[in-house]
Amino acid sequence: MRTICDLWATATAEDRPYPAFLVDENDSWHEIGWAEAAQAVDELAAGFVELGLENGDRVAILAGTRVEWTLVDFALISIGAVTVPIYPTSSALECAYILGNAGARAIVCEDAEQYAKLAPLRGQLDLVDRIVTLVGAPGSAVGLDEVRELGRRQGAEGSSAVAGRRAAVSEGDVLTIIYTSGTTGPPKGCVISHGNFASMVDMVSQLPDFLRAGDRVLLYLPLAHNFARLVQFAGAGIGFSIAYCADLDRIPQALLDVSPTILPSVPRLFEKVMAGVSDSFEQATGAKGRLGSWALGVGERAGRLRREGKRPPRSLALQERLADRLVFSKIKARLGGRLRFAVSGGAPLAVEVAEFFHSFGVLILEGYGLTECTAASHANRPGNFRFGTVGLPIPGLEARIADDGEVLLRGPTVFAGYHGDEKATREAFLEDGWLRTGDIGSIDADGFLTITDRKKDVIITAGGKNVSPQNIEQALRSSRYVAEALVIGNRRPYITALLALDRVEASKVAAAGDETDTLVAGIVADVNRNLARPEQIKRFTIVPRDFLAEEGEVTPTMKLRRHICEEHFAREIDAMYAKERLEA
């Protein structure tokens with residue numbers, strides 16, 4: 001398959017016995033078959049042609065994770081248009097920048113709330129001459145149902161026009177321009193071709209015992225991000241069903257209703273599940289408490305042996321089966337009961353979290369990638385994984401480490417460059433064509449990649465010591481009481497940290513009459529015990545609120561914008577270093 005057009009045409013021509021998509025409709029999950037999805041895409045595509053969209057036109061999608069996002073995407077792809085995703089959490093200013101930089105001719109937004117963001121922009125964005133909404137039709141917008149009806153009325157003529165457009169698309173044509181969320185400066189538009197993404201799907205499909213036809217994937221990640229977009233395209237290419245969950249609060253119920261076999265996620269979801277399970281074990285008393293502790297100990301011993309390539313002895317295996325029947329099966333049932341494995345990406349996953357889940361029979365496979373290489377470059381496999389690493393390169397992609405520790409990539413999924421930014425494109429590559437990832441890492445003798453930090457985030461203290469903040473932050477977040485951590489120390493005499501607490505867990509401590517500061521001091525001390533002296537946190541401050549996306553402190557993919565956080569909490573940071581001056 002050379003293009004995503006080829007991929008969709010092949011997927012919808014096959015007689016598949018399982019649905020393409022599952023949609024939550026008033027607490028009941030509705031199945032959409034492949035033929036029904038194909039008809040919707042064709043009618044929408046014909047409708048977009050009738051609205052005047054041409055091959056190569058940039059069309060933005062400003063919406064949350066829902067099946068209409070996917071149908072619109074495949075419809076735009078079918079007529080040679082270029083999809084420009086925008087996170088639904090983006091501000092009006094961020095929307096204006098992306099729409100203007102991409103030169104968008106149309107925008108598909110979710111509802112009246114997203115439509116309202118465009119109101120102050122219409123005078124500035126004269127390139128956007130069509131606004132379509134997925135839900136309703138506020139103001140001058142055209143409703144998605146109207147677009148589909150417009151395409152339906154074209155009949156055979158519309159179908160012929162779409163078929164012609166689809167056939168004209170080649171692998172070198174631009175499929176999408178994805179704007180990186182940008183931890184520093186304005187976002188840059190990554191130009192991804194049909195060939196890039198078709199290769200990506202093909203390479204992922206070659207991973208042994210990974211994604212299978214007939215799998216069921218619960219997708220809540222934003223489709224504006226390449227990780228979720230890969231799931232969308234791989235679903236069609238490999239042949240699995242995607243269940244959409246737009247409301248994060250409904251994930252626990254969706255897991256029970258959908259019973260997914262695969263769960264792609266960011267680490268925070270796993271951290272919350274771990275905190276909940278650990279808390280329930282700790283709260284249990286008497287025989288129930290002793291049973292939970294015994295089962296977890298059994299699972300930890302058995303899991304450790306398997307990770308070492310050893311079979312648990314017969315007595316331990318028997319205990320593990322009993323622990324599964326009495327305890328672990330109930331935990332797995334809360335995750336739907338059919339999970340083959342989960343996939344973690346977007347941020348580092350703490351080894352402790354992976355080992356905890358593995359102890360009761362749930363495997364979390366960590367992977368790695370970036371938009372510039374069309375989503376994924378590395379992944380652990382069900383039969384070949386190593387916790388603490390992001391796995392082996394996916395088939396067809398090469399990786400090496402530069403002299404300064406930066407991870408470099410080369411392969412058919414590497415992007416063409418940044419839209420309208422030749423300087424940034426040149427800086428993204430070495431002279432020999434290898435892509436600079438901006439991440440620091442190492443590759444072990446077996447080829448497993450470990451990411452240690454972002455190159456630009458490495459702290460150099462006033463004493464000249466290099467410190468990796470992400471490792472320390474990850475260790476702090478492994479506590480269920482810490483929601484987020486920001487480690488500071490660049491050009492400073494020592495390391496400090498800003499900590500945002502998990503309000504639910506912290507409230508339990510306060511309700512018990514314990515001192516929160518004392519609890520957090522203990523957490524910091526535990527982390528410090530495993531750090532070299534220059535890395536140790538000398539002071540910390542508990543901030544009164546979370547780091548917020550609406551304040552620009554967090555990207556849509558939940559990465560901290562360090563410089564903005566440091567600006568917003570400058571007074572707290574200065575106070576931690578002022579103490580040193582006073583003591584001196």
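## Nonpolar cores

The largest nonpolar core holds 125 residues, and Phe-21, Phe-48 and Phe-357 touch the most other members. A nonpolar core is a set of buried Ala, Val, Leu, Ile, Met, Phe, Trp, Tyr and Cys residues joined through side-chain atoms within 4.5 Å; buried means under 20% relative accessible area (1.4 Å probe, protein chains only). A second, separate core of 21 residues includes Ala-96, Leu-99, Leu-118 and Ile-177.

This is a predicted model, in which local features need pLDDT of at least 70 and side-chain atom pairs count only at pLDDT 80 or more, while totals for chains, interfaces and linings use all residues. Residues are numbered from 1 along each chain as its sequence is written, and side-chain values use heavy atoms, without hydrogens and water.

## Cavities

Two cavities of 30 Å³ or more turn up in a search of the whole structure. A cavity is a set of points, on a 1 Å grid over the protein atoms alone, where a 1.4 Å probe fits but cannot get out; lining residues have an atom within 4 Å of a point. Points are joined across faces, edges and corners, and a volume is the space filled by probe spheres set on them.

The largest cavity has a volume of about 40 Å³. Its lining includes Leu-349, Glu-366, Arg-386 and Phe-387.

The second largest cavity holds about 30 Å³. Among its lining residues are Trp-8, Phe-21, Trp-34 and Gln-232. Phe-21 is also one of the core residues that touch the most other members.

Methods
On a 1 Å grid over the protein atoms alone, a cavity is a set of points where a 1.4 Å probe fits but cannot get out, and a pocket is an open set with protein on both sides within 12 Å along at least five of seven lines; lining residues have an atom within 4 Å of a point. Buried means under 20% relative accessible area, exposed over 50%, partly exposed in between (1.4 Å probe, protein chains only).
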